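Work through the exercises below with the model open beside you. Try each task before reading its solution.

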Amino acid sequence: MNFLKIKKTAAVILGSLLGSYLYLVPFFYDGKLRVGHWLESDANFHLSRLYGLNNAFSHPINYISFKGVGQGVNYFYPWLTFYPAHLLANLLHNEVAGFIAFLFMITCLTFVLSYYSARALFNSERCAVVFSIIYPFSAGRAVNVFQRADIGEIIAMAFFPVVLLCFYKLVLKAANDYWLLLAVSSALIIYSHVLSSIFLFFTLLLLLLCSWSQISNKAALLIAFLKSAFLTLGLTAFFWLPLLQQVHHLQITPPSIKKLADSAVDVSWLLTNSLSNSIGNGNSVLGLVLTVLFIGGALKLQQADYNYRVLWFVSAFLLFLTTNLFPWFLFQNTPIKMIQFPWRFIEVATLLISVSGTWLLRKTRNRNILLLLLLVLAIHTATSFNLRKGAVAVIDGQNYLTTVKNTESSDYYPLKSSQGYQETIAAKRFIVDQTAQNLKFHASNKQVQLQMLAKNKAQTVDTPFLRYLGTSVHVEGKKLPVSTSPRGTVLIKVPAKSTQVTLTSSYTKLGNFSKVLSLFSLAITFLIGCWKYFKLLSN
């Protein structure tokens, strides 16, 4: 029996490695990233984020990436699950190779987690294989990988099946021990992409409301959810506590706000591009396979049980929310506008339709599963290589650093800095005693060193480096008070006859406390997990 388990595990791992390689062949073709119609500008943003992870645990701001203005992206965009890409880049001595290797690792993880989640969900090896074909090869995921290069959403989607499994076990099977796994998987999604976690939790709330009448012990379920929620908050404190502190003290420029009604898709567009599996048109699509399974599922509604019907109708509602049939204009002036693109609902719709589609194919023959695999491989290879031809720029190890330095984004700027001062800040214009000057400085990953001309009086220097909480300035080893300039940048008063000024960033006391809280929560998680494991062995 143990040998059989080892054999199955090896088959899953080898299959995942092979599947990941076939999935990412366009990346391995020449080891380069292509930007433009293929990856869009998000690639530059995330490559700059990757470079900005140097020293991120001690110095949250990088002074090389994003025009070298000291942009506090790491405070507002979760990065912990992206950090292994930085380690891979260091290991390979090539950031682009590290990025591609990380994509391979996450794709492999997506295959593995899809397989084991589906096996536990359906209690079937056949269904596990079907789901691990349908979900990782879905068009919605391909859009994130090959069109948008949105690494946060790519990572988050790897853990979606685990969260859905935990939800199913807790709600419909009263398996309350799954609260721990739910907390860990939810934390990993939050550390990957905040909006993805919001979309997923919204979907789970819909499923919970629809399944409420089927729940036998509601009190026990609520206790399990509360335990999971508190542990999730503890595990993710390292992200949300520093973020809330910055937002409380500073007005921050949010990511670009879109008109929701304009970014919602037309129904005919969604259907046409899904059936043609067109993943290069700027918006997310369902894809040919999932569209056929969704329509086929509608024909089986009368024969299906209540839980399947709930899954199908919630999927249909999520697809409805992606379209312009929904009155999105009513929500334009509400916090909901932060979702930017209603078609993001396709991510969670992809998850649910993959599950319902697996249920439809639960009794299919092995030959048909092989044909399904060949079909998705053929579709994926054709579409991904077709997008490769539309590239307008190529990023490799040679021009990577230039790309990182030149990437500019006003996302998460102090609000003052984005109101007409971006050009002077990006140009590194200093204002010394009300006079614009070009001072000599040397920037590294974690600090900036200014070379001042010694004067017999103190000098007020408005630097072109953005001011966040935790920014500190030292003049010849002595710490100076820091204030905010009218441009939203670091303003310092340099003492007379001083020449060496060093500007850096670090976590605040609350930020350091958040690290301790997350580590403590992780230790608690590990101890509870060990206790449950040994308890299971003893039984």
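**Exercise 1: a loop residue**

M452 sits in the loop between β6 and β7 (459-466); helices (H or I, at least four residues) and strands (E, at least two) are DSSP runs, numbered from the N terminus. This is a predicted model, where local features need pLDDT of at least 70, side-chain atom pairs count only at pLDDT 80 or more, and totals for chains, interfaces and linings use all residues. Residues are numbered from 1 along each chain as its sequence is written, and side-chain values use heavy atoms, with hydrogens and water left out.

Task: Is M452 buried or exposed?

Solution. Start with the cut-offs: buried means under 20% relative accessible area, exposed over 50%, partly exposed in between (1.4 Å probe, protein chains only). M452 has a relative accessible area of 4%, so M452 is buried. Now look along the chain: Q500 is 48 residues away from M452 in sequence. In space, their C-alpha atoms are 6.3 Å apart.

**Exercise 2: strands**

Task: Find how β5 and β6 pair, and what joins them.

Solution. Two strands pair if DSSP finds at least two bridges between them. Strand β5 covers residues 440-443 and strand β6 covers residues 447-451. Their pairing is antiparallel, over four bridges. K440 has Q451 in β6 as its bridge partner. The link from β5 to β6 is a hairpin of three residues.

Task: Which strands stand at the edges of the five-stranded open sheet?

Solution. Read off the order: β4-β3-β7-β11-β10, with antiparallel pairing. The edges are β4 (435-437) and β10 (483-484); each has a single partner strand, so one side of each is left without a neighbour in the sheet. For β10, look at β11 (residues 489-494): the two pair in the antiparallel sense over two bridges. T484 faces V490 in β11.

**Exercise 3: the core**

Solution. A nonpolar core is a set of buried Ala, Val, Leu, Ile, Met, Phe, Trp, Tyr and Cys residues joined through side-chain atoms within 4.5 Å. The largest one has 154 residues. F82, F146, F160, L207 and L318 have the most contacts inside it. Helix α9 (residues 151-172) gives the most to this core, with 16 residues. At least three core residues come from each of domain 1 (3-406) and domain 2 (414-510); these bounds come from an automatic or database domain assignment.

**Exercise 4: one more residue**
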